[in-house]
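Colleague: I would like to learn how to read features of a model like this one. Could we go through them one by one?

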Amino acid sequence: MSRHAASRKTNRERKGTRGLIIAAAAGLVLMLVVMPVVAVAMFVNDLNRSIAVDDDVRQALRSSAANTPSTTADSAFYTLLIGSDRRSDGENGRSDSLILARIDPDARRVDLVSIPRDMQVRIDKIAGVQKINAAYSFGGATLAITTVSEFAGVPISHYAEVDFSQLTGLVDKLGGITVDVPESFSGGNGGVSLKAGRQTLNGTQALGFARERYKVQGGDFSRAQAQRIVLTALIEKIAQQPVTALPGLIREFAGGIATDMSVQTITQYAMTMRKGAITVDTAGCPSYAFNQDGVSYVGVEYKEWQDMMRRVDAGLGPHGTGSIPARQKRNTKLGAAANAASPKDYETLKNQSLNSDSVIGDQ
């Protein structure tokens, strides 16, 4: 073999070796880039499956939007938050708590309005006059969505069913939440004793606070207030966390939530809300307790409820001051409580029993 031929062979061998090295390096880079992306995608898909709701719930949300035109800001939407007392997968139970949330990501504003679970309403196609939490029992999330949408007069775009007992891990993962406990209580159905005042609660304490209704002045009205306080503290604490912590927090939250929203949607809303200070305003539906035929109900204060929902819809918040915009005033469905069955003349009844004004330091 000539010297030139040997040289050409050596060059080919060198080029082949370099090609193998380049291919191996490219493969390694590809693995380092692609594999994490695949792992993240699988992680997100698993979370989406674990928190997903049935198609009939999504259909109810679409129907709510179609039947109740929105007058709120373009970026704002309503979400129904339900805490249920379901005992098994085969039983709906009754909704333990109902919170209507108006969320405006662009304005970084969240308004939480509790609707008493004993609110007297008509569920004509199913059961006639009932407590509003019976809607969940008779028709699951779909009937709860349509019933609350009719009561508040707003389209409900999203739904989340929350198991408060599963929030203990999330609270602990956040290092606790800081709240103002309105009044001291000892023992009770929550099994927790707390002193009034600003303090940091761990998961067990937060759950006990959110459940207490026997040892507090306002009974179930106070419990609804406590739930709003806990949710407000969670929103504020999560907003303070670094972006890198969001996936872990969502995974922790996924164990206690069912929702129509995907992880991607939740993350997108969270990222938008993080761009500045978040305003959270909360209130209970103006209402009072009364008895009818031996059954304990809650009745709505019609004028006050309509005024509150018009303010909420306008982005003023449930306690907001100032003039209500014309488009909210023109919307006769807002806060009309069209399916309410409680007395229209309620002033005397309101002053004879516990009512939404009975709670201490409502916020």
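**Reading the model**

Modeller: A337 counts as buried, at 2% relative accessibility. The cut-offs are under 20% relative accessible area for buried, over 50% for exposed, and partly exposed in between, with a 1.4 Å probe and protein chains only. This is a predicted model, in which local features need pLDDT of at least 70 and side-chain atom pairs count only at pLDDT 80 or more, while totals for chains, interfaces and linings use all residues. Residues are numbered from 1 along each chain as its sequence is written, and side-chain values use heavy atoms, with hydrogens and water left out.

Colleague: How many helices and strands does the protein chain have?

Modeller: There are eleven helices and twelve strands in the protein chain. Of the 363 residues in the protein chain, 46% are buried. Contact means heavy atoms within 4.5 Å. Taking contacts between residues at least 6 apart in sequence, 70% join residues at least 24 apart.

Colleague: Next, helix packing. At what angle do α2 and α3 pack?

Modeller: Axes are lines fitted to C-alpha atoms, for helices over the stretch in contact, and angles run from 0 to 180 degrees between N-to-C directions. Helix α2 (residues 55–67) and helix α3 (residues 134–152) pack at about 15°, with axes 8 Å apart. α2 and α3 are therefore roughly parallel to each other; that label is for angles under 35 degrees, with over 145 roughly antiparallel, 65 to 115 roughly perpendicular and the rest oblique. The crossing of α2 over α3 is right-handed. On the α2 side the contact is made by D56, V57, A60, L61 and S64, and on the α3 side by A141, T142, I145 and S149. By class, these residues are five nonpolar, three polar and one charged (nonpolar: Ala, Val, Leu, Ile, Met, Phe, Trp, Tyr, Cys and Pro; charged: Asp, Glu, Lys and Arg; polar: the others, Gly among them).

Colleague: Where do α5 and α6 come in: how do their axes cross?

Modeller: The axes of helix α5 (residues 203–211) and α6 cross at roughly 145° and come within 7 Å. The contact joins A206, F209, A210 and R211 of α5 with R223, A226, Q227, I229 and V230 of α6. This contact has six nonpolar, one polar and two charged residues.

Colleague: Q227 is on that list. Is Q227 buried or exposed?

Modeller: Q227 is buried, with a relative accessible area of 4%. Q227 lies in helix α6 (residues 220–239). Beyond neighbours within four places in sequence, Q227 is in contact with D96, S97, I99, F164 and A210. F221 is in helix α6 too and counts as buried, at 11% relative accessibility. Outside its four-place neighbourhood, the contacts of F221 include P116, Y288, V298 and L354.

Colleague: Last, aromatic rings. How many aromatic pairs does the structure hold?

Modeller: A pair of aromatic rings is described by the distance of the centres and the angle of the planes. Rings of Phe, Tyr and Trp (its six-membered ring) pair if their centres lie within 6.5 Å, and planes under 30 degrees apart count as stacked, over 60 as edge-to-face and the rest as tilted. The structure holds six such pairs. The rings of Y302 and Y346 have centres 6.2 Å apart and planes at 45°, so this pair is tilted. Y302 is in helix α9 (residues 302–313) and Y346 in the loop between α10 and α11, 44 residues apart. Both Y302 and Y346 are buried. Ring pairs join Y302 and Y346 with Y288, F290 and Y297 in a cluster.

Key
Helix = DSSP H or I, 4+ residues; strand = E, 2+ residues; numbered from the N terminus. Left-handed = near helix turned anticlockwise from the far one by under 90°.
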